[in-house]
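Here are my notes on the model, as numbered points. Please keep the structure open while reading.

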Amino acid sequence: MPQSAANRWVLLIHQIPPKPDYFRVKVGRRLQRLGAVAIKNSVYVLPRSDETVEDFQWQMREIVAGGGEASVCEANFVDGLTDTEIEALFRTARDADYREIAADAQRLLKALPGGGRRARTDGRGQITADVRRLKRRLADIVAIDFFGAPRRRPAHEELARLEARLRPRETQVPPPAHPAQAPSGATWVTRQGVYIDRIASAWLIRRFIDSKAQFKFVAAEGYRPRPGELRFDMFEAEYTHEGDACTFETLVTRFGLGDRALRVIAEIVHDIDCKEAKFGRPEASGIERLIAGIAKQHAEDTARLAHGAALFDALYAALAATAAETGRPRPAKRGAARTTTRSSRR
């Protein structure tokens, strides 16, 4: 998101006629959905980007069409409110939204049969529908959480806890009977402006599928693949989203990669890419911030892949070490060992 000193913010300044009442309410709700906060009466602010400018322009047209007056301008605050204070307004607004999500998740958890234990059939359908709506609300809030409100992670964790209660007991998913044949030295094509799913997928491809892979970045629409090219995470690609699985998950499944550490990374990538808390991995928030930092520092896709590969190498090493540690048999307690020794002497 561009944040130069000259165009840090975009403002909507408006005046709405007092009647009809519903129009004022409609505009207020729309501004709330955009994530805008009021810095004065009828003056709303968003961090400046092409998208937020367009959002305010559409809102301005709606206000004018309804008989009001409105202007959109870019701004850099010289005196009075500081950038830090404005950012705090956004975090406060989003924290209130996240608290509502967490409270609703807690209420639904208490409503489950058996005091929060796994639901049977009674009431499960309604609660499942409520959870879906709650997930959509959370995704909408995340999309307008421009400055990383502190309550975001607790909201994700509460929703993940609720989903874990509703989810059937996990069964071991067998690897595919005939995993896809791993290519060698193929040209893998994806969309320009790589982000979480494409960065992680490129790392997975080069690390576990095709060590000699070459990557090509193209426009999102209108590209016709050349013979021998493999597309990923783009429309009609050979490897892309399938059902509710992101591209990383698709690659893991299609190539029969059953590594526990990779499955954890797949869950992290899924929740970040799909903007939901299906798996609720605690690492997701930190990885999301790091990927955002890489994208902000590096405009070139090759640089993003290089820095992303270093990130996922480190993450994989940590997760693999944890999996190995938890898989080791625990040493016997000292007291138990002494008892065994005494018994053997008798």
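Is E236 buried, partly exposed or exposed, and at what relative accessibility? Point 1 gives the answer.

1. **E236.** E236 counts as exposed because its relative accessibility is 57%. The cut-offs are under 20% relative accessible area for buried and over 50% for exposed, with partly exposed in between (1.4 Å probe, protein chains only). E236 sits in the loop between strand 7 and helix 7. Helices (H or I, at least four residues) and strands (E, at least two) are DSSP runs, numbered from the N terminus. The phi angle of E236 is near 60°, a positive value in a residue other than glycine.

2. **Basis of the model.** This is a predicted model, in which local features need pLDDT of at least 70 and side-chain atom pairs count only at pLDDT 80 or more, while totals for chains, interfaces and linings use all residues. Residues are numbered from 1 along each chain as its sequence is written, and side-chain values use heavy atoms, with hydrogens and water left out.

3. **C246.** C246 lies in the loop between strand 7 (229-231) and helix 7 (247-254). C246 has 0% relative accessibility, so it counts as buried. Beyond its neighbours within four places in sequence, C246 is in contact with D197, T240, H241, V269, H270 and D273. Contact means heavy atoms within 4.5 Å. D273 is 27 residues from C246 along the chain, and their C-alpha atoms are separated by 7.3 Å.

4. Two strands pair if DSSP finds at least two bridges between them.

5. Strand 1 (residues 9-15) pairs with strand 3 (residues 43-47) over 5 bridges, in the antiparallel sense. L11 has V45 as its bridge partner in strand 3.

6. **Two loops to check.** The peptide bond from K19 to P20 is cis, with omega near 0°. P20 lies in the loop between strand 1 and helix 1 (21-34). S42 is in the loop between strand 2 and strand 3. Phi of S42 is near 70°, a positive value in a residue other than glycine. S42 counts as partly exposed because its relative accessibility is 24%.

7. Strand 5 (residues 187-191) and strand 6 run parallel and are joined by 5 bridges. K216 in strand 6 is the bridge partner of V189.

8. **The cavity.** How many cavities of 30 Å³ or more does a search of the whole structure find? The search finds 1. On a 1 Å grid over the protein atoms alone, a cavity is a set of points where a 1.4 Å probe fits but cannot get out, and lining residues have an atom within 4 Å of a point. The largest cavity holds about 190 Å³ of space. Its volume is the space filled by probe spheres set on the points, and grid points are joined across faces, edges and corners.

9. **Its lining.** The largest cavity is lined by 16 residues, and H156, E276, A284, S285 and E288 lie nearest its centre. Helix 5 (152-166), helix 8 (260-273) and helix 9 (284-297) are the elements that give two or more residues to this lining. Helix 5 supplies the largest share, 4 residues. By class, the lining has 5 nonpolar, 3 polar and 8 charged residues. Ala, Val, Leu, Ile, Met, Phe, Trp, Tyr, Cys and Pro count as nonpolar, Asp, Glu, Lys and Arg as charged, and the others, Gly among them, as polar.

10. **T322.** T322 is placed in helix 10 (residues 301-327). T322 is partly exposed, with a relative accessible area of 47%. A261 is 61 residues from T322 along the chain, and their C-alpha atoms are separated by 8.7 Å.

How values were computed
1 Å grid on protein atoms, 1.4 Å probe; cavity = no way out; pocket = protein on both sides within 12 Å on 5 of 7 lines; lining within 4 Å.
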